[in-house]
Amino acid sequence: MCCDLKRRFLLLYATQKGQAKAIAEEIWQQAGAHGLEADMHCISEMDKYNLETEKDPVVIVISTTGTGDPPDTARKFLRKIRDAALPPDHFAHLQYGLLGLGDSEYTFFCNGGKTVDRRLQELGAQHFYDTGLADDCVGLELVVDPWIDGLWLALKEAFLLKKEKEGMSSNVNAVSSSLSAAPHIVNELNLSSEVQNLKLEDGEMRSADVLTQKLVDIDLVATAGDTEPSLVHSVPPVSQSALNIPALPPEYIEVQFQDTHGENPLLSSLVSEGTTFEVPVTKAVQLTHEDAIKTALLLELDIADTAFDYQPGDAFCVMCPNNVNEVEELLQILGLSEKGDCFICVKVKQGTKKKGATRPQHVPERGTLKFILTWCLEIRAVPKKAFLRALVECTSDTGEKRRLQELCSRQGASDYTHFIREPNVCLLDLLRAFPSCKPSLNLLIEHLPKLQARFYSVSSSNLYQPGRLWFVFNIVEFPACPTRAVSRKGVCTGWLAELVAPLLHPNKNNLDAKGGSPSTEKISIFARPNNTFHLPADPSVPFMMVGPGTGISPFIGFLQHRQKLRKEHTDWKFGETWLFFGCRHRDRDYLFKQLRCFLENGTLNHLKVCFSRDSSTAEAAQPKYVQDVIRRYAKEVARVLLKEGGYFYVCGDKKHMADGVSEAVVDIICMEMEVDKLEAMKILAMLREAKRYLQDVWS
């Protein structure tokens with residue numbers, strides 16, 4: 001179709017980790033096959049589009065970060081549209097469709113998209129297509145794929161309606177015909193119209209015919225035991241299906257090796273979120289017993305010589321590298337083991353077909369290959385389907401190629417979820433499972449996302465111990481499984497544990513030259529302030545804290561801070577304090593037994609502890625989980641939260657704890673206020689809105 005016949009729509013994305021951008025790029029790539037042209041921009045690039053004068057349909061793809069915040073790239077846009085001076089018909093001319101991305105593990109699911117959607121509606125904008133909300137907890141593609149499928153029909157109708165409104169009804173049939181003539185549009189909701197059908201190498205037969213024939217040959221040699229699907233093996237109906245696979249993403253990065261030497265970029269140059277500080281780790285303590293199921297560590301950082309500041313309840317970020325052994329293995333598979341220390345230059349490939357192609361911001365233009373693989377790219381990321389599609393072209397074995405095609409196809413969506421997404425399979429796992437796959441370096445740079453800094457809650461008070469910062473974490477363990485032959489530790493927690501091993505287990509080999517303390521390691525951190533998860537501004541207000549396991553971390557800072565304030569301000573009135581803590585075993589993972597000290601000096605008024613795996617006869621009737629303990633103190637919870645205007649803080653695991661605590665509080669409201677469950681849920685929602693029921697949770 002000629003470009004002048006194509007109909008334009010504005011495509012905006014707001015992304016935090018690259019998901020929304022990748023989906024927007026998929027929409028942009030598919031648009032051409034439907035006789036449409038997507039004018040794509042990051043929502044932060046407000047100099048490149050103008051919604052106040054926009055006449056064409058607008059498509060917005062927006063993610064959610066944290067516990068419900070819009071992505072950083074959308075903050076400027078939101079500030080603009082939240083202007084209270086804007087009239088209610090400000091966007092009355094605007095027709096839009098919105099796709100929100102989120103995770104239902106968190107309370108404010110898809111809140112980034114919902115916030116933008118709600119505000120646009122308040123300003124008079126109209127939907128030309130229903131809003132889609134995709135859930136990363138079960139698989140974004142379950143909503144994203146059908147939402148994109150239906151987008152083309154909705155856009156077509158929006159253009160027809162626009163023509164009618166402009167009084168050009170005589171052209172409606174022509175427009176409809178030109179759109180219908182696009183090569184892949186037979187039925188807008190037909191899956192094959194949204195993806196590129198597999199092409200044969202000889203180009204003479206449809207892919208469906210050939211793939212079925214190849215499959216017969218493969219099945220003839222399949223062993224009798226191959227009756228269950230796996231990462232590398234499929235079964236009917238997937239194994240006998242013609243496949244619809246995504247269009248091949250255009251390559252856009254060029255990598256050149258250089259003979260020159262020099263210095264790698266500073267780690268601080270990789271961070272756009274704020275000032276980075278390199279600080280020494282001065283103390284490490286293992287809080288759990290050796291036979292505990294999880295290993296919890298407390299680290300102390302020396303921030304005295306920096307401008308880093310924090311409040312109890314804040315979070316901060318640790319910049320961490322990929323595992324050195326995994327980087328070495330990746331270099332070996334790529335055939336670049338001898339070039340790890342060579343400098344490379346990363347540029348946009350000349351003549352690329354990718355619209356608006358730029359070098360990824362998280363990849364420096366120049367650095368050693370090992371530096372880029374270690375500090376810039378998230379090599380543990382679960383590969384997206386577009387990456388799998390690109391890997392197909394790098395795979396020589398026919399059976400392996402077919403299986404990768406299946407995993408990125410519509411027909412193989414369930415297999416992708418079960419064998420890649422749910423077990424967190426990463427690039428290395430795939431390359432081990434499909435040994436004939438030999439991707440190029442530029443492909444990795446194009447498809448691997450930014451290596452994200454890891455967030456941790458502060459576990460101390462700068463008032464109580466100036467110049468020191470504590471934080472607590474479990475060493476994350478990923479056991480071996482059918483899709484992953486080797487066990488591994490969390491990227492950051494595994495690295496930190498290895499880094500502080502000399503502090504945990506000092507011996508003569510890691511003592512400094514003077515024979516004193518172990519040598520000091522440094523890590524790079526930057527602030528990530530929490531605007532709400534803080535102590536009440538009025539110290540006389542009572543509050544309750546719920547923090548099982550490492551969820552207790554921010555509350556140690558709360559109590560340290562409160563203890564110091566009590567000592568410095570003896571004339572102040574301080575509110576009642578409660579702490580509900582839980583762990584598996586009293587003698588293995590009771591992280592802070594010194595909580596008794598806070599109880600004894602009056603900083604903490606009530607400490608309620610439970611142990612879920614201790615099952616002695618004497619304690620058989622004791623509650624196992626914090627939500628059970630909370631129910632035992634229903635009247636006290638209702639008094640503090642509902643009668644005395646107190647605060648309620650929850651920190652820890654979302655799915656297995658925080659949801660249970662919320663349910664317990666709803667039940668308490670029902671019982672103590674004598675209302676039904678729906679009304680109780682509304683009251684809890686009001687408490688959340690008033691920032692008196694606060695959560696710092698993770699999945």
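The accessible surface of the protein amounts to about 32700 Å², and carbon and sulfur atoms contribute 50% of this area (Shrake-Rupley method, 1.4 Å probe). The model is predicted: local features require pLDDT of at least 70 and side-chain atom pairs pLDDT 80 or more, whereas totals for chains, interfaces and linings use all residues. Residues are numbered from 1 along each chain as its sequence is written, and side-chain values use heavy atoms, with hydrogens and water left out.

Of the 699 residues in the protein, 52% are buried (buried, under 20% relative accessible area; exposed, over 50%; partly exposed, in between; 1.4 Å probe, protein chains only). The secondary structure comprises 21 helices and 24 strands (DSSP runs, numbered from the N terminus: helices, H or I, at least four residues; strands, E, at least two).

Aromatic pairs number 26 (rings of Phe, Tyr and Trp, the last by its six-membered ring, with centres within 6.5 Å; planes under 30 degrees apart are stacked, over 60 edge-to-face and the rest tilted). F316 and F471 form an edge-to-face pair, at 5.1 Å centre to centre and 80 degrees between the planes. Because F316 belongs to strand β12 (residues 315–319) and F471 to strand β16 (residues 468–474), this pair ties together parts 155 residues apart in sequence. Both F316 and F471 are buried.

A further edge-to-face pair, F555 and F558, has 5.6 Å between centres and 70 degrees between planes. Both residues lie in helix α16 (residues 553–568), three residues apart, about one turn of the helix. Ring pairs join F555 and F558 with F533, F543, Y647 and Y649 in a cluster.
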